[in-house]
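Good morning, everyone, and thank you for letting me take a few minutes of the meeting.

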Amino acid sequence: MSDARAVANAAVDCLVIGSGTSGVTTAIELAERGLKVAILEAGPLILTEHVGSGPFANRADIVPQIHDLVRFRTLWTSEKGLASAQARTAETNNNAWSIVGGRTVFWGGCTPRFRDEDFAEWPYDADEMRSWYVRAEHLMGVSGSEGDNDAPPFMTHAAQERLLGRLAAKNIPATHAPLCIDTRAVHGGRMSLGFDSSVSRLLRCRHFGRIEDGARLSLAAETEVLQLVHDGNVVSAVTVQDRTGETFAIPARHFVLAGGCMQSTRLAMASGLADVDPMVGRYMGDHLFRQAVFELPESLQEKSLYIFIPPTAKRPFHAQLQGMFQETWYSPLHATCYLDGDASGRYILFYCFGISKAEEAGRMVLCGDGKAKTDYCIVNERSPGDSKTLAEMARFTADVAAGIGAKVVRTEENAAGSALHEFGGLRMGRDRASSVTDPDGRFWRIGNLSCADAAIWPHQGSANSYLTITAVALRNASRLAAGMEAGQTAMAAQ
């Protein structure tokens, strides 16, 4: 890693703010094209790989402790609760993480694509995304994908086939879950990658090293970006606070927000970009999220299963079934617990993620000056359409349990924001009158600023976000690199 001061003195082509999948994917792509890139990450380096690829994957006593080192609390609220949220008297209700690698060191691995119709409100269509999906799946080592990846499904055994057969008999088509766990055959010295995570990808990159030693790609951890320094047209630098507590500016030719939907939007707002474009911080949302525990009538005598029930044109949500366990409940602090299931267990976890169409009222509000990572809340009201979808998700939960001959032991509808699949805030579009960023994630009104993460999405499907974030970051980074190679900047204000 590099010191933030070294980055400030290095004449960097591009500063990437955030080390999650969008940040690392963008940084590697730019470095591969010959640009000098530095990643600024507010959190520390704790793990060098996904927790599921390391020795702690099934340690329920250790994994939550790792989470607690880097976890902080956030708040989604209603209009009615906004005043108490801004006064800091409201109780927080969601989790976020600040760590090198972001959530990619903890996530559960389910990696489906969006459906074609999910791109209806995007400034480009599904055909544009297909090749980027294929590239992302190969890069991440996705197993059992619908593309031309040569990796077979991770979970395949007779017990899982029996459950798939039971669901099919009840007209509930299901399949082996596409998982970001590399199952490609080991040959020619290439080893499988285990779980994908951005930190492991970064450390494998041939360009990664210390910028002061001439590396093309570097990382400054525990370096919090406080503000973008700009004149309303161009960003000249970012103000940072490094691990010593010192505050100073780091310049670059181009800047990429990649801190995740929430932090990219918060930083834009803390930097006054809502004064430049009032749409900043608007159209924000998350998946609808319902979960349950099912009790099977018998042990399946296999340790683990992972089944995916895809959405349909009439059903705007999908389901994931994983287990088996002794009786348990979902914990976001131990997302890979299914890897070491219990062969005698009779309980499986059920997650159901549904599409929530963000309206303009779904927005970020700063608490204080917005310069700290917790200085915000999200105002979110369930729409009538959301309430209808949630009711359908509840009925479907019961249908799936009945379909596999199981009993619903416990079920719960989760609060907004708890799916951790947020989107919006820096909405992209075809014209500057109705969007903050262009189709390539470049700000219409700020000449050398881009966003690489889900903050630019105008809408999402029911699918978990990670694969699409990676594919979009690959697409946009390649376009940004081409423009920077040609000496261009993003479209400036006119």
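This is a predicted model: local features need pLDDT of at least 70, side-chain atom pairs count only at pLDDT 80 or more; totals for chains, interfaces and linings use all residues.

I begin with strand E2 (residues 37-40), which is joined to E7 by 4 bridges, the two strands running parallel. Within this pairing, Ala38 stands opposite Ser218 in E7. Residues are numbered from 1 along each chain as its sequence is written, and side-chain values use heavy atoms, with hydrogens and water left out.

A word on names: helices (H or I, at least four residues) and strands (E, at least two) are DSSP runs, numbered from the N terminus, and two strands pair if DSSP finds at least two bridges between them. In general, strands of a sheet pair through backbone hydrogen bonds, either parallel or antiparallel.

E2 and E7 belong to an open sheet of 5 strands, ordered E7-E2-E1-E11-E21, with parallel pairing. Its edge strands, each pairing on one side only, are strand E7 (217-220) and E21. On average, neighbouring strands of this sheet are turned by 20° against each other, direction ignored. Helix H2 (residues 21-32) packs on the sheet, where it touches strand E1 (14-17), E2, E7 and strand E11 (254-257), and the direction of H2 makes about 165° with that of E2. For such angles, axes are lines fitted to C-alpha atoms, for helices over the stretch in contact, and the angles run from 0 to 180 degrees between N-to-C directions.

Let me turn to another sheet, an open one of 3 strands in the order E4-E18-E17, with mixed pairing. Here the edge strands are strand E4 (76-77) and strand E17 (363-366), each of which pairs on one side only. E17 is joined by 4 bridges to strand E18 (residues 376-379), and these two run antiparallel; the bridge partner of Leu366 in E18 is Tyr376. Helix H8 (residues 261-270) packs on this sheet, touching E4, E17 and E18, and its direction makes about 55° with that of E17.

Now to the helices: how do the axes of H5 and H11 cross? The axes of helix H5 (residues 126-140) and helix H11 (residues 466-485) come within 8 Å and cross at roughly 110°. The two are therefore roughly perpendicular to each other, a term used for angles of 65 to 115 degrees. Among the residues that make the contact (heavy atoms within 4.5 Å) are Trp132 and Tyr133 of H5, together with Leu474 and Arg475 of H11. By class, this contact has 11 nonpolar, 3 polar and 5 charged residues, where Ala, Val, Leu, Ile, Met, Phe, Trp, Tyr, Cys and Pro count as nonpolar, Asp, Glu, Lys and Arg as charged, and the others, Gly among them, as polar.

On a 1 Å grid over the protein atoms alone, a cavity is a set of points where a 1.4 Å probe fits but cannot get out, whereas a pocket is an open set with protein on both sides within 12 Å along at least five of seven lines, and lining residues have an atom within 4 Å of a point. Grid points are joined across faces, edges and corners, and a volume is the space filled by probe spheres set on the points.

The largest pocket has a volume of about 320 Å³ and is lined by 25 residues, of which Pro112, Arg113, Phe114, Glu146 and Phe308 lie nearest its centre. H5 gives the largest share of that lining, 4 residues, and by class the lining divides into 11 nonpolar, 7 polar and 7 charged residues.

How many cavities of 30 Å³ or more does a search of the whole structure find? The search finds 3, and the second largest cavity has a volume of about 50 Å³. Its lining includes Thr26, Asp440 and Asn476, and H11 supplies the largest share, 3 residues.

I end with the backbone. A cis peptide bond, with omega about 10°, joins Gly323 and Met324, and Met324 lies in strand E15 (residues 317-325). Tyr283, a residue other than glycine, has a positive phi near 55° and is placed in strand E12 (residues 282-285).

Note on methods:
Angles under 35 degrees count as roughly parallel, over 145 as roughly antiparallel, 65 to 115 as roughly perpendicular and the rest as oblique.
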